[in-house]
Amino acid sequence: MFETIALLLILALATFDLWVGVANDAVNFLNSAFGSRVARRRVIMIISTVGILFGALTSSGLMEVARRGVFDPSHFVDPQGAIILTSILALYLGVMAADVLLLDLFNTFGLPTSTTVSIVSELVGASIAVALWTNGGGIDGALEVINSGPVLGIYTAIVLSVVTAFVSAAVVMFVVRVLYGHDLKSSFPRWGWLWTGVSFAAMTYFVLFKGLLGAAILDDGTISMLRDRIVLILGSVFVVAGGLAMAFRQQPSRVIGAIVLTGTGALSIAFAGNDLVNFIGPSVAAFQAVLVEGVDLSGRVGTPPWALLLAGAVMVTALTRSRKARRVTDTEIRLAAQGHTKQRFRTSGLGAALVALGHAGLGAARRLTPGGIRSRIEGRTAPPSLDPAAPPYDLLRASVNLTVAALLISIGTANGLPLSTTYITFMAAMGASLGDRTWRAADAEQRVTGILVVLGGWLITGLIAAAGAFVMASLIVLTGTAGLPIVAVLVAVGVWRLGRIRQPEPEHG
């Protein structure tokens, strides 16, 4: 009875987790396209839909975060080596229940957070809870279930990626703007081939290393061949893309628009091909623990293709129907928009101090720059007068957002580093907005405060996720079958209460 009810509840939670998960992670691949208004919403959604479904079908089906070895599965087997089903089901059910509530909470307030951090933290909290109440070794024994090295490595890599993404995007955006200025019709015919070639090469590298090289459709021989010829492949893409840019040099908006749409599709593929499995991974692991004898609990169990395709279909539906997804995208677009934009966040003391520090550093850099060079840079990068109807981003900055994010994610993936795509794409957009000189005195402090709020939300994500999963898993372990309806009611009430919280309607996305 316990196993049947638990599996049905896990299935329901997994479906809703996909819904709230894609609502939060939509910022990863939609914001640059929406912010630049590169195409009609319908076109952007079609490209994202195709990318998600293709990514789902080509996914390796491995739960990436669990594959990092968050917990030691040997603590959840009996002396004969058989899985203790009540323990493992309580663990994964605690993870799913906490994840639904956490992501829906952030979505309600329009704040993007990391689904990687949430899943890792929930696995930590739930596994400690199950070990604490079943192994009888006290808190010290329960903590031994956690592989602290891999967990610490995940958190450290994510923190470093936040800083790297912000600084890299700011520098790249500033250099690109100096090279091209704001009048692309005059600069693009001469230099358009360079950025076009770099962008498409970066997107290709991203799709290969974050998408196809982990896909189940490629055998080891094909993967080895692609790795061995990566320089030749990227060089060829650079040449072809640069040649096309030269051929269409009088139409810069079309060429850069193609970069933005390609980047949107590439991020959609990688998101579905990798992050999707993190949402349904715990539920798949729970089902296979019950149905497959001797299954590996470390996350190396593949997800059936039909489950991936079904999950992709749920995500596509959420992407097109969820109002909270629009609220999350609206937050990032406002914070990175060019010109004076009405912000959702008030000025804070820390935000004001950071803006003052930034002004002081910028003033020192200007004084150290020779006058002639300074005036040329000023002429190329000075923000133009904007039409109130102009899009929040111009196409060039949207292409920088996507290119920098794709390159950083693919480099990290190629080197086996656990990364948060949400952190990188958000901070790349923030860094590019700073490098493009879009922060004005009238709203700079509010923008910085908004970024700090999002970063603060990320910091507490781990704590809330671990605590929530600990409570949910403890409730199930201590009450058995009776605890299952209690968990279901808690999640349902929590989602209902969050749905009644009224927030301003989004302007963008």
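## Overall make-up

The chain has 20 helices and 0 strands; helices (H or I, at least four residues) and strands (E, at least two) are DSSP runs, numbered from the N terminus. The model is predicted: local features need pLDDT of at least 70, side-chain atom pairs count only at pLDDT 80 or more, and totals for chains, interfaces and linings use all residues. Residues are numbered from 1 along each chain as its sequence is written, and side-chain values use heavy atoms, with hydrogens and water left out.

Of the 509 residues in the chain, 53% are buried, meaning under 20% relative accessible area (1.4 Å probe, protein chains only). Among contacts (heavy atoms within 4.5 Å) between residues at least 6 apart in sequence, 85% join residues at least 24 apart.

## Helices H1 and H13

The axes of H1 (residues 2-25) and H13 (residues 305-321) come within 8 Å and cross at roughly 45 degrees. Axes are lines fitted to C-alpha atoms, for helices over the stretch in contact, and angles run from 0 to 180 degrees between N-to-C directions.

H1 contributes Thr15, Leu18, Trp19 and Val22 to the contact, and H13 contributes residues including Ala311, Val314, Met315 and Arg321.

## Nonpolar cores

A nonpolar core is a set of buried Ala, Val, Leu, Ile, Met, Phe, Trp, Tyr and Cys residues joined through side-chain atoms within 4.5 Å. The largest has 130 residues, and Leu13, Ile88, Leu89, Leu91, Tyr92 and Leu123 have the most contacts inside it. Leaving aside neighbours within four places in sequence, Leu13 is in contact with Leu93, Met96, Ala97, Val100 and Val491. A second, separate core of 6 residues includes Leu208, Phe209, Leu226 and Ile230.

Notes. Buried means under 20% relative accessible area, exposed over 50%, partly exposed in between (1.4 Å probe, protein chains only).
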